[in-house]
Amino acid sequence: MKSFGLSFAPIVWILFLTPALAADVEHSSLVEVETAYALKGRGRQKQEVVWRPEWIVRFESGARLTLIGKGRLDAKDELEPGKPDQPFRARLTRKSFLTDHAELELREFYLDHYVGDVFVRLGKQQIVWGQADGLRVLDVLNPLSYREFILPDIEHRRIPLWSALAEVPLNDWTAQVVWTPDATVTESTLPGATYSLIPDPFGGQGRLEAKRPDSLTKSDFGLKLSTFHQGWDLSLNYLYHTIDDPLIRFDSSQQLTTADYNRSHLVGGTASKPFGDITFRSEVGVESEKQSVSYLTGKVNKTEVASYVLGVDYSGINDWFISAQFFQTYRFSADWEDSFREQLTLLVRRDALNNALLLETLVIYDLNDRDSIVQLEVKYSVSTNVVLRIGADIFLGNQAGTFGQFKNESRLFAGFTLSL
């Protein structure tokens with residue numbers, strides 16, 4: 001329970017100490033109730049209640065402190081069974097599992113303040129780079145949780161990290177400097193979970209070791225320069241970081257699964273501009289080194305990797321929004337048998353009944369594996385603080401592919417959100 005005390009001491013501090021120091025304290029909460037039912041006979045995937053409280057404390061100095069928590073109660077315990085060891089998270093970023101079905105997490109906890117013209121944010125936070133929706137090229141400062149694969153909104157899948165951020169105005173440019181001394185990496189659920197991405201060749205008898213870098217000695221450093229020029233939103237980005245996606249290796253003699261990581265320099269940029277009802281978006285990034293295992297030879301390759309996204313958004317029809325993207329990754333190594341990876345996305349959104357009703361369809365298609373995911377959702381605002389939602393997440397195509405491997409986990413879901 002030591003991690004519980006470390007994670008939630010700030011809540012106690014805010015509730016009991018800051019009222020005497022603060023000019024204003026605001027509180028709001030979201031309560032989300034949702035059930036999901038798998039279509040292939042596995043029954044309910046989840047039956048959960050999630051509480052998302054938020055406190056904002058404003059001080060007379062102009063500083064602002066934000067705390068966002070999360071509590072989850074899942075009656076099924078299929079998505080993250082038991083009390084996992086959380087090998088992918090640094091100690092101060094871990095969740096607290098009270099039981100197999102209940103968990104608490106300090107999601108975000110940061111202080112905002114201006115020092116002259118320089119904006120500073122310190123604490124546990126999400127830092128978002130890039131122009132792409134869902135597909136990550138430059139938006140890699142925060143790792144992801146794959147508890148429900150890629151099904152939830154990315155804001156809820158990002159793992160906030162302990163970081164320092166400063167934004168410095170430079171004439172027509174803004175420089176954003178980032179330091180992240182938090183070695184948490186992308187969190188794949190362990191073997192046995194519904195959406196596990198880690199093979200289990202040892203039938204549940206093996207062990208997993210995540211060789212994450214040290215949080216302080218292997219910190220991430222980033223610099224982003226952004227400007228607005230002749231209608232274009234432009235940025236230049238640099239990040240020295242740990243590649244969050246691991247190289248997975250198996251040692252049969254020790255029944256050991258190892259998740260290994262490497263450091264890399266990421267250089268890239270973004271450009272977007274509206275042309276009437278159409279907005280063009282682009283994003284490109286090049287990693288100096290990324291490890292991968294050849295499926296043909298078993299050899300570990302280290303190569304430069306380039307990725308880019310081209311996107312077009314259209315809003316020329318009343319109450320409709322349509323967005324399409326093309327994503328491509330290229331590995332420079334000649335030893336890699338699948339140098340190009342390509343995906344297409346299509347998002348269609350329709351508002352109706354004076355914005356009380358929202359209908360949304362998202363399709364992601366992998367051109368290499370010829371598999372896809374289709375997400376359908378309907379939201380209805382009963383009142384200003386109650387939203388009903390129903391939908392489906394459907395996996396199609398090659399069962400050896402990124403999406404097709406979860407074909408048997410296609411599901412229906414329903415729930416509601418209550419704002420307090």
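These legends walk through several close-up views of a predicted model.

Local features are described where pLDDT is at least 70 and side-chain atom pairs count only at pLDDT 80 or more, while totals for chains, interfaces and linings use all residues. Residues are numbered from 1 along each chain as its sequence is written, and side-chain values use heavy atoms, with hydrogens and water left out.

**View 1. An edge-to-face pair, Trp 232 and Phe 280.**
A pair of aromatic rings is described by the distance of the centres and the angle of the planes. Rings of Phe, Tyr and Trp (its six-membered ring) pair if their centres lie within 6.5 Å, and planes under 30 degrees apart count as stacked, over 60 as edge-to-face and the rest as tilted. A search of the whole structure turns up 14 aromatic pairs. In the pair shown here, the ring centres of Trp 232 and Phe 280 are 6.3 Å apart and the planes stand at 80°, so the pair is edge-to-face. Because Trp 232 belongs to strand β11 (residues 232-242) and Phe 280 to strand β15 (residues 278-293), the pair ties together parts that are 48 residues apart in sequence. Strands here (E, at least two residues) are DSSP runs, numbered from the N terminus. Trp 232 is partly exposed, with 25% relative accessibility, and Phe 280 is partly exposed as well, with 29%. For these labels, buried means under 20% relative accessible area, exposed over 50%, and partly exposed in between (1.4 Å probe, protein chains only).

**View 2. A tilted pair, Tyr 330 and Phe 340.**
The ring centres of Tyr 330 and Phe 340 are 4.7 Å apart and their planes meet at 45°, so this pair is tilted. Tyr 330 lies in strand β17 (residues 320-331) and Phe 340 in strand β18 (residues 340-352), with 10 residues of sequence separation. Relative accessibility is 29% for Tyr 330, which counts as partly exposed. Phe 340 is also partly exposed, at 39%.

**View 3. An aromatic cluster, and a charge over a ring.**
Six residues make up one aromatic cluster: Tyr 146, Phe 149, Tyr 195, Phe 395, Phe 403 and Phe 406. Elsewhere to look, Arg 263 lies over the face of Tyr 240, at 4.5 Å from the ring centre. A charge sits over a ring if NZ of Lys or CZ of Arg is within 6 Å of the ring centre and within 35 degrees of the ring normal.

**View 4. The open sheet β9-β13-β12.**
Three strands form this open sheet, in the order β9-β13-β12 and with mixed pairing. Two strands pair if DSSP finds at least two bridges between them. At the edges stand β9 (207-210) and β12 (247-251), each with a single partner strand, so one side of each is left without a neighbour in the sheet. From one strand to the next, the twist averages 20°. Axes are lines fitted to C-alpha atoms, and angles run from 0 to 180 degrees between N-to-C directions. Five bridges join β12 and strand β13 (residues 256-260) in the antiparallel sense, and Arg 249 stands opposite Thr 258 in β13.

**View 5. Asp 251 in strand β12.**
Asp 251 is partly exposed, with a relative accessible area of 26%. Its side chain makes a polar contact with the side chain of Ser 253, at 2.5 Å. A polar contact is a pair of N or O atoms within 3.5 Å; within protein, one must be able to donate a hydrogen and the other to accept it, and residues adjacent in sequence count only if both atoms are side-chain atoms. Not counting residues up to four places away in sequence, Asp 251 touches Phe 202 and Leu 256, where contact means heavy atoms within 4.5 Å.

**View 6. Strands β7, β8 and β10.**
β7 pairs with strand β8 (residues 173-180) in the antiparallel sense over seven bridges, and the bridge partner of Val 168 in β8 is Ala 175. β7 and β8 form a hairpin with two residues between them, and Asn 171 in the turn has a positive phi of about 55°. On to strand β10 (residues 220-229): eight bridges join β8 to β10, and these strands run antiparallel. Here Ala 175 stands opposite Leu 225.

**View 7. Ser 282 in strand β15.**
Ser 282 is buried, with a relative accessible area of 14%. Leaving aside neighbours within four places in sequence, Ser 282 has contacts that include Gln 131, Gly 269 and Val 309.

Methods. Helix = DSSP H or I, 4+ residues; strand = E, 2+ residues; numbered from the N terminus.
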